[in-house]
Amino acid sequence: MHNVIILQARLSSSRLPRKVLAEISGRPVIAHIIDRLRAARLAHEVCVAIPSDSAEDELAELLAGLDVTVVRGSQHDVLGRFMQAAYQTRADLIVRATADNPLVSFEEIDRQLEILESEPSVDYLITEGYPLGITPESFTLKTLEKLDYLARHAHMREHVTLYLRKNPGPFSVRRLQAPEEFRAPKLLLTLDMQQDLELFKQIYDQLYQPGRLVELRDVFELLNGNPQIAALGRRLADAAAIA
């Protein structure tokens with residue numbers, strides 16, 4: 001069984017263009033994310049799926065130096081891009097990660113993959129309760145193929161698993177819960193706007209050491225002890241809830 005993390009990335013983000021190349025503690029955001037994904041013990045390969053447009057060539061050049069598989073496909077049909085990446089890497093189990101989550105949990109990747117490996121009846125796994133930006137989602141190749149067949153609307157294909165989340169009936173879905181110490185559903189830890197970048201810069205400047213990954217426990221301790229930093233994430237979460 002081949003377990004592949006497929007990381008979707010692009011430079012053309014509408015709210016914060018080129019955010020994956022923004023520097024945090026002297027390294028591009030996407031390099032930090034890839035380091036965290038590689039730390040998952042049960043994942044065998046990290047594949048970055050990016051658009052084939054020439055505007056994304058700079059990202060492809062950077063990835064060429066990060067020792068990951070790169071697959072290039074449709075700009076807007078991200079589901080199709082995932083299918084292409086899954087087939088090219090011969091994936092059996094797939095973890096979907098996005099390039100706006102510099103604190104993605106490698107522990108949660110292993111937790112999800114362990115269940116998919118041991119319980120073949122499960123099609124799809126998501127973990128709830130974490131701040132947005134921490135948990136990935138995992139599924140089987142068969143699930144991805146079913147989504148590719150069922151999701152016809154462009155909006156559904158752009159968001160990969162949106163059809164499943166709105167129409168779970170055809171799928172066996174398992175919802176896990178975040179550990180109590182990490183439950184903060186109103187906190188945003190995802191990189192979407194300039195304010196988010198400032199939040200991550202402050203977190204990484206205080207916690208990151210080259211060659212070591214930032215631990216979620218340390219992040220929560222930092223935020224709990226520094227209300228002015230935590231307020232960046234809370235304000236954004238409140239705004240997202242209103243929107």
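**From values to terms**

Modeller: Arg111 is placed in helix H4, residues 106-118. Helices (DSSP runs of H or I, at least four residues) and strands (runs of E, at least two) are numbered from the N terminus. This is a predicted model, in which local features need pLDDT of at least 70 and side-chain atom pairs count only at pLDDT 80 or more, while totals for chains, interfaces and linings use all residues. Residues are numbered from 1 along each chain as its sequence is written, and side-chain values use heavy atoms, with hydrogens and water left out.

Biologist: Which residues is Arg111 in contact with, leaving aside its neighbours within four places in sequence?

Modeller: Contact means heavy atoms within 4.5 Å. By that test, Arg111 is in contact with Thr127, Leu176, Gln177, Ala178 and Pro179, its neighbours within four places being left aside. The C-alpha atoms of Arg111 and Leu42 are 8.9 Å from each other, although 69 residues separate them along the chain.

Biologist: What makes Arg36 a buried residue?

Modeller: Its relative accessible area is 1%, and therefore Arg36 is buried. Arg36 is part of helix H1, residues 29-38. Apart from residues up to four places away in sequence, Arg36 touches Pro102, Leu103, Val104, Phe106, Tyr204, Leu213, Val214 and Leu216.

Biologist: Why does Arg175 count as partly exposed?

Modeller: Arg175 has a relative accessibility of 46%, so the term partly exposed applies. This residue is in strand S9, which covers 173-177. Its contacts, not counting residues up to four places away, are Ile126 and Glu128. Arg175 and Glu128 are 47 residues apart in sequence, with their C-alpha atoms 6.9 Å apart in space.

Biologist: How do you know that Arg90 is exposed?

Modeller: Its relative accessible area is 71%, so Arg90 is exposed. Arg90 is in the loop between H3 and S6. It also has a positive phi of about 55 degrees although it is not a glycine.

Biologist: What makes Asp67 exposed?

Modeller: A relative accessible area of 68% places Asp67 among exposed residues. Asp67 is in the loop between helix H2 (57-64) and strand S5 (69-73). Its phi, near 55 degrees, is a positive value in a residue other than glycine.

Biologist: Let us turn to the whole chain. Why is the protein chain described as being as compact as a globular protein of its length?

Modeller: The chain has 10 helices and nine strands. Its radius of gyration is 17 Å, close to the 18 Å that the globule rule gives for 243 residues, so the chain is as compact as a globular protein of that length. The radius is taken over C-alpha atoms, and the rule is 2.2 Å times the number of residues to the power 0.38. Buried residues make up 53% of the 243 residues.

Biologist: What is the mean pLDDT of the chain?

Modeller: pLDDT is the predictor's confidence in each residue, from 0 to 100. The mean for the chain is 93, and 96% of residues reach 70 or more. Over residues 239-243, however, the pLDDT is below 50, and this stretch has one contact in the model beyond near neighbours in sequence. Where pLDDT is low, the predicted coordinates should not be read in detail.

Note on methods
Buried < 20%, exposed > 50% of the residue type's maximum accessible area, 1.4 Å probe, protein only.
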